[in-house]
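Q: Could we go through this structure together? I would like to begin with the aromatic residues and then turn to the chain as a whole.

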Amino acid sequence: MTVTLADVAARARVSPATVSRVLNGNYPVAASTRERVLRAVDELDYVLNGPASSLAAATSDLVGVLVNDIADPFFGIMASAAQSAIGESASGRAGGQKLAVVCNTGGSPERELTYLTLLQRQRAAAVILMGGSLEDPEHLAATAGKLAKLAEAGTRVVLCGRPPAPGDAHAAALVFDNRTGARRLTEHLLGLGHRRIGYVAGPADRTTTRHRLEGHREALAAAGVAEGPTVHGPYDRRSGHEATAELLARDPSLTAVVAANDTVALGVCAALRERGLSIPGDVSVAGFDDLPFSIDAVPALTTVRLPLHEAGVRAGRLAMGTEEAPADGRDTVPAELLVRGSTAPPRG
């Protein structure tokens with residue numbers, strides 16, 4: 001059922017004219033009244049300028065790109081590529097141009113929902129959500145509801161590196177094959193002869209973390225090798241540095257460490273060197289993502305390449321409608337194992 005301005009007025013116990021003044025910001029309104037109106041707008045999920053059905057042909061020039069952390073190269077590469085692709089379809093001065101706005105959620109589920117609400121109110125032409133999702137049923141249901149309302153209003157919804165959740169039927173999804181990439185990485189270490197492998201995982205409540213850890217465990221189980229210690233933490237260098245101390249305390253005989261991503265792997269390498277251990281002589285180290293610095297590390301990191309730039313370009317084109325969406329709404333983006341100097345057979 002379509003929510004009207006009159007519904008918002010009734011919920012906020014004010015006149016429709018007052019609601020209009022608050023939303024348009026063209027007339028002074030008492031702070032308490034304004035807060036009441038905005039709360040009613042949130043509770044009813046009201047969209048400005050009439051029924052959602054009438055907005056399908058009246059979306060704005062805004063494209064929202066939601067990322068966890070724009071300072072993280074993983075997100076920065078994809079967001080930059082998407083923004084470039086969004087500008088591809090423009091012709092002439094401002095002809096068909098869209099304004100791509102990067103929304104930095106900081107990993108906060110509340111902030112993610114807030115940005116989606118704001119983009120809905122702005123009648124965004126498209127919304128791209130990048131990176132893994134929080135595995136919380138309540139948040140997933142709330143997100144699916146927001147995405148459905150956006151799609152109903154004519155907004156294109158694209159998931160990039162984010163698996164669709166139940167209810168995300170309106171989204172075009174580019175899903176990274178994290179599970180296969182992680183399995184091949186661990187198979188590489190097992191093939192070298194490693195049997196004591198530690199793992200520095202990402203946050204336990206993220207889809208990316210679970211899929212990479214599942215791939216790692218699948219490889220160990222297939223080889224009949226017992227799982228080594230696992231430590232969870234953020235996807236940053238400090239996490240890798242601190243987790244290494246815990247891994248070695250739990251199993252001093254480790255000969256290899258798999259890191260959640262390349263940034264975490266740098267922290268692992270630093271911690272190992274501080275303890276007088278050589279890489280890969282004493283301990284092999286592997287990362288994930290193939291971020292730009294991974295090849296310049298010393299030694300260069302064995303890692304799994306995700307085509308971040310290419311995925312970002314595709315996400316931008318899907319958002320603009322210049323690339324056809326996958327037939328079933330979902331396309332798996334392959335991961336490629338890159339073997340470099342940070343892994344070698346264990347000594348002895």
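**Aromatic residues and overall form**

A: In this predicted model, phenylalanine 74 and phenylalanine 75 are both buried.

Q: How are the rings of phenylalanine 74 and phenylalanine 75 arranged, edge-to-face or stacked?

A: They form an edge-to-face aromatic pair, with 5.0 Å centre to centre and 85° between the planes.

Q: And what about the rings of phenylalanine 74 and phenylalanine 176?

A: Their centres are 6.2 Å apart and their planes stand at 75°, so this pair is edge-to-face. Phenylalanine 74 belongs to helix H4 (residues 73–88) and phenylalanine 176 to strand E5 (residues 171–176), so the pair ties together parts that are 102 residues apart in sequence.

Q: Is phenylalanine 176 buried or exposed?

A: Phenylalanine 176 is buried, with a relative accessible area of 5%. For phenylalanine 74 the value is 8%.

Q: How many aromatic pairs are there in the whole structure?

A: The search finds 2 aromatic pairs. Ring pairs join Phe74, Phe75 and Phe176 into a cluster.

Q: Changing topic: how many helices and strands does the chain have?

A: The chain has 11 helices and 12 strands. Its C-alpha atoms fill a box of roughly 80 × 45 × 35 Å along the principal axes.

Q: What share of the residues counts as buried?

A: Of the 348 residues, 51% count as buried. The accessible surface of the chain is about 15,300 Å², and 52% of that belongs to carbon and sulfur atoms.

Q: Lastly, how far apart are the mean positions of the positive and negative charges?

A: The mean positions of the 35 positive and 38 negative charges are 4 Å apart.

Terms used: Residues numbered from 1 in each chain as written. Predicted model: local features only at pLDDT ≥ 70, side-chain atom pairs only at ≥ 80, totals over all residues. Heavy atoms only, no water. Helix = DSSP H or I, 4+ residues; strand = E, 2+ residues; numbered from the N terminus. Buried < 20%, exposed > 50% of the residue type's maximum accessible area, 1.4 Å probe, protein only. Areas by Shrake-Rupley, 256 points an atom, 1.4 Å probe, with all protein chains shown as cover. Lys, Arg positive; Asp, Glu negative; His and termini not counted. Charge placed at Lys NZ, Arg CZ, Asp CG, Glu CD. Phe/Tyr/Trp six-rings, centres within 6.5 Å; stacked < 30°, edge-to-face > 60°.
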